[in-house]
There are 4 protein chains.
Amino acid sequence: MRALRKTGRHAGAELQEIPTPEPGEGEVLVRVHAASICGTDLHIYDWNEWAEGRIPRVPMTFGHELSGTVEAVGAEVHHVETGAFVAAETHIACGQCATCRSGRAHICERLRILGVDTDGAFADFVVVPAVNAWVVGEGIAREVATIMEPFGNAVHAAFGTGGGEDLATNAVAVIGCGPIGLFTIGIARALGAWKVIAIEPNPYRRAMAGPMGADLVIDPMQTDPVAAVTEATNGSGAEVVLEMSGNARAIDQGTRMLARGGRMSLLGLPDGPVTLDLNDQVIFKEARLQGITGREMFRTWQQTTTLLSTGRVDVAPVITHRFALDRFEEAFATTASGESGKVILLPGG
Amino acid sequence: MRALRKTGRHAGAELQEIPTPEPGEGEVLVRVHAASICGTDLHIYDWNEWAEGRIPRVPMTFGHELSGTVEAVGAEVHHVETGAFVAAETHIACGQCATCRSGRAHICERLRILGVDTDGAFADFVVVPAVNAWVVGEGIAREVATIMEPFGNAVHAAFGTGGGEDLATNAVAVIGCGPIGLFTIGIARALGAWKVIAIEPNPYRRAMAGPMGADLVIDPMQTDPVAAVTEATNGSGAEVVLEMSGNARAIDQGTRMLARGGRMSLLGLPDGPVTLDLNDQVIFKEARLQGITGREMFRTWQQTTTLLSTGRVDVAPVITHRFALDRFEEAFATTASGESGKVILLPGG
Amino acid sequence: MRALRKTGRHAGAELQEIPTPEPGEGEVLVRVHAASICGTDLHIYDWNEWAEGRIPRVPMTFGHELSGTVEAVGAEVHHVETGAFVAAETHIACGQCATCRSGRAHICERLRILGVDTDGAFADFVVVPAVNAWVVGEGIAREVATIMEPFGNAVHAAFGTGGGEDLATNAVAVIGCGPIGLFTIGIARALGAWKVIAIEPNPYRRAMAGPMGADLVIDPMQTDPVAAVTEATNGSGAEVVLEMSGNARAIDQGTRMLARGGRMSLLGLPDGPVTLDLNDQVIFKEARLQGITGREMFRTWQQTTTLLSTGRVDVAPVITHRFALDRFEEAFATTASGESGKVILLPGG
Amino acid sequence: MRALRKTGRHAGAELQEIPTPEPGEGEVLVRVHAASICGTDLHIYDWNEWAEGRIPRVPMTFGHELSGTVEAVGAEVHHVETGAFVAAETHIACGQCATCRSGRAHICERLRILGVDTDGAFADFVVVPAVNAWVVGEGIAREVATIMEPFGNAVHAAFGTGGGEDLATNAVAVIGCGPIGLFTIGIARALGAWKVIAIEPNPYRRAMAGPMGADLVIDPMQTDPVAAVTEATNGSGAEVVLEMSGNARAIDQGTRMLARGGRMSLLGLPDGPVTLDLNDQVIFKEARLQGITGREMFRTWQQTTTLLSTGRVDVAPVITHRFALDRFEEAFATTASGESGKVILLPGG
């Protein structure tokens, strides 16, 4: 089969012919229909500092957002059948640690990641643990199913660790309109937010915020976002801030635009330590900063399936580019350009 | 009456004779039995940078932790009677802002503080809004009632904004064994924590942690507190960290000793901005940083009353010094020495 | 002024000229623009068994759902001004009991009801406690503002005692399509429910369910509602059941259509004791039955204001009839007929 | 091996020699050290109506509360090793239904029960699914480990579906002092309840309530329990009622002793439908009735392990009788007598 491989610990990748893998115990082999590119994949492609520190071995196949059809099942697989249309949860949990045993497998103490710690999905076939295969069901197209994984990040960030109990009738600010940020705009809108305010410096991305449901879209290079959110909320600030940018300055601004008693979900990964004014922006306001990673297994997937299959959220505006697998160089350049939403690789062409 | 006054915007205070104030509309006049000294009072006494920026006017009487008997009531007071034994909630809320109207008066948008924005309790008498007078009830002594206010801070920090749902059977680390930190040790113990681990460099304060119920007491100057908490919790970290120190380094350590999915209540006020490793310590762990200030009105007071009147928590080890009001200089020196727990001024001698 | 009075403990009412009342301490006088008729008012009008047991004295003016303009304020009123456009919270709480003091004034131990325990709003003027006057703000018409009180019941029932954390992406069954039930349909839709299923035997009311946002509307006389909900949810049942009918059989059915781990909000008042199969429908399913009454003060009013002023929920389909005050007999007959949604009396004509 | 068998669909049981079973795929074979008798076992022994309707087949071995050592493991078992000291979760979940996939396996749609749907633990050996084997760890004796399963019921009932957020500083009434009810007394005490009030007509059981930590013990045949709880709580009622009796009258009383806004956990299984006054006892009070079954997998087991291994709760007063397996007739007679707490069978003698 064809697979997009990191062959050395440096930038770039090669599309190679390698043997189709066999599913082992508890694993399934999936024929990949669509595999979308995540920021993590770009880091691996470019082989930045994070990739050098995090990727355990090369050669390896990367890519982790996927939809496909189960082609074969290994031993000890009882609940996923050949022919099933699946997406994949990419957090591979141990199932045995205290965190897993208390129902929080997505923050497993021994977490591994598909396409980072294992061979991934930029290929004709990929092997995934059967427990990570999510049977998609009716009404979700192949190209949409591949973005269920990052959409799930958005669902988890928006719902938070409660049940999104603070979204309805409240003001929600979304910092960073990459694909996951854009998804949260649609989700907050679908869950009855009062106002959804999007903040993004990149004009291409900013242009997608309105179609996803933002009431107000702010360019933080032109307008002070803290002042803008404060004004739009009659001085109160946003009850919910969804921090999807990972930009240190934006995180600080997020705390400043947060209402008294508000919640900021932190999903974007900053490059380094972040300095915050805890006194005025967190303690006196009784704000809550909530780290968010991955997706709840599998409540988030149930929510994701409902939101997408019913059209409560329409992700079409965010899916901007599609490339055959062998045009991967264009695909990564498009992703890196900032002039894109979600970019999808199609191994089937 | 006698009142301990800041007469100028500089260090020190004077015990002066001033007219006994009259309670205005909605106010009560309280004869002060006991008034304990808070760190804030020390800032005002020393007139540090915070005091210079925060205290609106002098001359003023300071002090805000008090117990006493209602001596007179003003107009429009219907529910507090002369002779009632009361403590005082010191957050004076407007009652009308969005935060107040949604049941969170302690983070009122127009909050004023007794003894900071108004004349306070280091005096023979003090005027407090009737709605801020908490009728103490049976079984709580005068000296204990005066510390209900800081004890309430501890209750609120320990219970968090849930109901302390994560304390029972979990590991709780308390950073900083000033009086409020010491109180949280007793509270976490009373609420069924698995282990309570206290961290404090000052040996005098550290010595009170055990009597308050700590299972393990750490001197962070001798032992790495992150390693110690990690080891004591079999590698998992503490599900709850109560940050009562305000020390920037300790706050960072707090995030590092926090278990995956854990909660850190932030009550201690750092001197300046704080730098945190959000990626590894908050986002990937899905940790929650929760600002805490004041006391829920008046759920926290109900909880405080129950914990103290039943003896579920015994604060006797923390009340270390008592002084007549005219010995205020000794009292402040003792508070500043670090060789004290709670220091109480007794206007009645 | 004119006032619709119960002059004896029997059916009927008289429109009388009586002196315009004066607002007392802490009270405001409101010129009534619109006053809608509640089921309770019908009970009082008909003087049924409940009215005989509950109404403390006659003569009295009834009616409690209202919008109007503050005409005068009494002593000790500091935050409501003459000329303000207000609706009224009708639960008059004592403010001093343990329930009030812990932020749950709507279930005050000494609760009194406007228009039941005090003179009400079917009149040119009504006196209400200042603290019960809700300043409506922009974008809500007089006729809509009068239904903020029952709409608030619907908000409170739908959000439950959490924050509606179980509505989004879940199936919601609404039993009983009186006005409050119809409102909950719109609210559940606005908060991102997966499917909203309405159950109502009365064809007139059933016809309003679709316009309010129901995906499926069931006549329980023709179709077994338990089977219908089960089928519509692929066998799982509804995660949320909003019981607005008070019909004993429907309450039992509600438990049977509830999903494992589901929540049933009970707002409709049954005529007598209700018999339930706790084993199979509550215990083994870990279902939750949650009593709901009134509105949270004043979080529910904030939510209500947002939902109505933004058009997230449009109540126009439910407001079916308007009558001048002197046509009250027609208004009550229309309300009693079942061929109506919300019926509004307009003292101004 | 020896096994206590139901050989026909009638009362009684026979201790037979049968072949030691082999663990199948995903199963482990456990040598039973101790197996305690549950009320369910008594129903099966007596072969009452419930047993006739529920037990799918005979002959079968019953018994489900156990501790023991893993003797052998089947295929596909990766995480439980021979020699491990284990207790057993007795709810055998499918792992695939919507409820399981959302982290609520204990209310699985296709739930099976060890010793009811499968051969059980009153034997020298028992086969359990590996995923149901809970490795006990240090500090819990064999006789105590066998009651971890019913103790887990008590933990789950006490903590409820929140985290026991309403226990600390509140009044807790426990209705029914069978072993599980007695355990909840100790748990509520350990979690900082204000007062724990126990209600039980049987004097033998009532005598154990005090040693387990009850502040007040009521004989409902002598004293009206509603009046007694109301009086003991200064008129407010209990914020938490733990209904462990399954007695229809007691359930009704439970709602009447519940405070405004209170929570009643329903664990006891009534014999038939139960009639409740929903208006006054649930709706107007905004009470919550919460069905409770089984144990959260495996958060409850983590909590159980901590409470028992630390001695936060001491179950010694409840373990009243021990019998060798061949003295099963005495053991069941003792259980049926009401003059017992927990009765333990010891296959090893």
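User: What counts as a helix or a strand here, and between which two elements of chain D does D:H106 lie?
Analyst: Helices (H or I, at least four residues) and strands (E, at least two) are DSSP runs, numbered from the N terminus. This is a predicted model. In chain D, D:H106 sits in a loop. The elements on either side are helix 3 (98–101) and strand 8 (112–113).

User: Is D:H106 buried or exposed?
Analyst: Buried means under 20% relative accessible area. D:H106 has a relative accessible area of 4%, so D:H106 is buried.

User: Which residue of chain C does D:H106 touch, and what is the length of the polar contact between their side chains?
Analyst: Leaving out residues up to four places away in sequence, D:H106 touches several residues of chain D, among them D:H91, D:H156 and D:R295. From chain C, D:H106 touches C:E286. The side chains of D:H106 and C:E286 are joined by a polar contact of 2.9 Å.

User: Where does A:N153 lie, and is A:N153 buried or exposed?
Analyst: A:N153 is part of helix 5 (residues 148–159) in chain A. Beyond four places in sequence, A:N153 touches residues including A:I180 and A:L267. The relative accessible area of A:N153 is 11%, so A:N153 is buried.

User: What relation does the rotation that superposes chain A on chain C represent?
Analyst: The rotation is 180 degrees, with 0.0 Å of shift along its axis. Chain A then superposes on chain C with an RMSD of 0.0 Å. That is the relation of a two-fold axis.

User: Through what do the copies, chain A and chain C, meet?
Analyst: Of the interface residues of chain A, 100% are also interface residues in chain C. Therefore the copies meet through the same surface.

Note on methods
Residues are numbered from 1 along each chain as its sequence is written. Chains are lettered from A and ligands numbered from 1 in the order in which they are written. This is a predicted model: local features need pLDDT of at least 70, side-chain atom pairs count only at pLDDT 80 or more; totals for chains, interfaces and linings use all residues. Side-chain values use heavy atoms; hydrogens and water are left out. Copies are superposed by least squares on the C-alpha atoms of residues with pLDDT of at least 70 in both. Contact means heavy atoms within 4.5 Å. Buried means under 20% relative accessible area, exposed over 50%, partly exposed in between (1.4 Å probe, protein chains only). A polar contact is a pair of N or O atoms within 3.5 Å; within protein, one must be able to donate a hydrogen and the other to accept it, and residues adjacent in sequence count only if both atoms are side-chain atoms.
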